[in-house]
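Subject: Structure handover

Hello,

Here is the structure you are taking over. Please open it next to this email and follow along.

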Amino acid sequence: MSTERITFAKAINSGLRRALEQDPKVLLMGEDIGALGGVFRVTDGLQKDFGADRVVDTPLAESGIVGTAIGLALRGYRPVCEIQFDGFIFPAFDQITTQLAKMHYRSRGRLSLPVVIRVPFGGGIGAVEHHSESPEVLFAHTAGLRVVSPSNPADAYAMIQQAVASPDPVLFFEPKGRYWDKAEVDLGTPVAAPHDAGAVSGLDGARIARAGTDLTLVAHGPTVATALKVADAAATEGHSIEVVDLRTISPLDITTVVESVRRTGRCVVVHEAPVLYGTGAEVAARVTEECFYHLQAPVLRVGGFHSPYPVAKLEHEYLPGLDRVLDAVDRALAY
């Protein structure tokens with residue numbers, strides 16, 4: 001065992017280092033990820049240790065980054081792309097949704113594209129326009145892509161290795177507002193190796209982040225920490241809140257959510273993306289279908305508003321914070 005208390009960003013760095021060590025076909029690509037170590041220093045030191053041929057500084061061209069990664073994957077490589085900020089992913093939307101997501105299906109399974117696209121996403125850092133988006137549901141809607149989002153350093157370390165090992169393309173959404181959160185991570189044994197048939201199982205399952213009996217609070221990525229704070233606050237008023245960390249948005253582990261809601265009878269879903277047509281809408285619909293006779297209240301959703309992400313001084317009004325989520329919890333418990 002080699003357990004260390006490290007940041008979320010360092011956990012991803014360590015997971016990428018493991019992947020690079022295990023397979024010479026793994027390479028990293030992105031803007032400023034080499035000598036600089038990335039805007040958030042997630043890839044710090046990797047180019048120095050593995051060379052510029054495996055940790056590649058690319059031009060400022062997201063479409064070119066993903067398009068090149070697709071070609072490399074077809075030649076047997078396992079590229080890991082970094083999109084510098086969430087709002088910059090849209091120039092590559094065509095390559096991701098019409099090529100990366102569909103090549104395996106189009107070739108009737110003969111071709112595999114093991115490409116990982118790392119996307120720092122979400123708000124809370126006081127950034128300018130196009131630097132705090134939450135576009136994960138746009139990719140979850142597209143068949144052929146895995147869409148995952150760890151919420152803590154231990155999951156980040158494990159899941160980035162599982163993503164690299166996956167034979168499927170993976171959109172890996174990293175909550176940038178949590179990059180400096182620290183937790184204990186076991187860095188001893190590699191979590192997954194490329195071509196390991198069971199390596200990607202961790203990408204398919206939600207987890208119970210906190211057990212409870214009165215209400216199920218579903219979250220992913222940056223809002224899991226908020227959900228845990230809500231559970232703490234509700235406990236002071238005598239309410240027991242169960243927190244479910246989705247971990248993966250596509251494929252969605254609805255079984256874990258449904259089992260929780262059948263125990264608690266109530267459900268609130270929270271995410272930073274706008275509520276309208278968001279992940280919460282899918283979760284709410286599935287819970288209503290499968291838990292109709294167990295529900296004691298409507299499934300409620302809390303998230304961003306149907307507007308562009310605001311300027312930094314207003315983002316605290318836009319993001320689903322403690323008070324807004326607690327209000328939804330109180331309304332559900334009042335039924």
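Helix axes are lines fitted to C-alpha atoms over the stretch in contact, and angles run from 0 to 180 degrees between N-to-C directions. Helices (H or I, at least four residues) and strands (E, at least two) are DSSP runs, numbered from the N terminus. With those two terms, helix H8 (residues 223-235) and helix H12 (residues 322-333) pack at an angle of about 60 degrees, and their axes are 10 Å apart.

Some notes on where this comes from. This is a predicted model, in which local features need pLDDT of at least 70 and side-chain atom pairs count only at pLDDT 80 or more, while totals for chains, interfaces and linings use all residues. Residues are numbered from 1 along each chain as its sequence is written, and side-chain values use heavy atoms, with hydrogens and water left out.

**Helix pairs**

Angles under 35 degrees count as roughly parallel, over 145 as roughly antiparallel, 65 to 115 as roughly perpendicular and the rest as oblique. H8 and H12 are therefore oblique to each other. H8 passes H12 in a right-handed crossing, where right-handed means that the near helix is turned clockwise from the far one by less than a right angle, and left-handed means anticlockwise. The contact (heavy atoms within 4.5 Å) is made by Thr226, Lys229, Val230, Ala233 and Ala234 of H8 and by Leu322, Val325, Leu326 and Val329 of H12. By class, the contact of H8 with H12 has seven nonpolar residues, one polar and one charged. For these classes, Ala, Val, Leu, Ile, Met, Phe, Trp, Tyr, Cys and Pro count as nonpolar, Asp, Glu, Lys and Arg as charged, and the others, Gly among them, as polar.

Next, take helix H9 (residues 254-264) and helix H10 (residues 279-291), whose axes come within 10 Å and cross at roughly 55 degrees. That angle makes H9 oblique to H10. The crossing of H9 and H10 is right-handed. H9 contributes Ile254, Val257, Val258, Val261 and Arg262 to the contact, and H10 contributes Val283, Arg286, Val287, Glu290 and Cys291. In the contact of H9 with H10 there are seven nonpolar, no polar and three charged residues.

The axes of helix H1 and helix H7 (residues 153-165) come within 8 Å and cross at roughly 30 degrees. H1 and H7 are therefore roughly parallel to each other, and their crossing is right-handed. Among the residues in this contact are Phe8, Ala11, Ile12 and Leu16 of H1, and Pro153, Ala156, Tyr157 and Ile160 of H7. The contact of H1 with H7 divides into 10 nonpolar residues, four polar and one charged.

**The sheet**

Seven strands form an open sheet with mixed pairing, in the order E3-E2-E4-E5-E7-E6-E12. Two strands pair if DSSP finds at least two bridges between them. At the edges are strand E3 (55-57) and strand E12 (248-250), each of which pairs on one side only. From one strand to the next, the twist averages 20 degrees. Strand E2 (residues 26-30) and E3 run parallel and are joined by three bridges; in E3, the bridge partner of Gly30 is Asp57. Helix H1 (residues 8-22) packs on the sheet, touching E2, E3, strand E4 (78-82), strand E5 (116-121) and strand E7 (170-175), and the direction of H1 makes about 135 degrees with that of E2.

**Single residues**

Buried means under 20% relative accessible area, exposed over 50%, and partly exposed in between (1.4 Å probe, protein chains only).

- Ala11 lies in helix H1 and is buried, with a relative accessible area of 0%. Leaving aside neighbours within four places in sequence, Ala11 is in contact with Ile6, Pro153, Ala156 and Tyr157.
- Thr279 lies in helix H10 and counts as buried at 8% relative accessibility.
- Arg41, in the loop between E2 and helix H2 (46-50), has a positive phi near 60 degrees although it is not a glycine. At 42% relative accessibility, Arg41 counts as partly exposed.
- His130, in the loop between E5 and helix H6 (136-140), has a positive phi near 75 degrees. At 40% relative accessibility, His130 counts as partly exposed.

Regards
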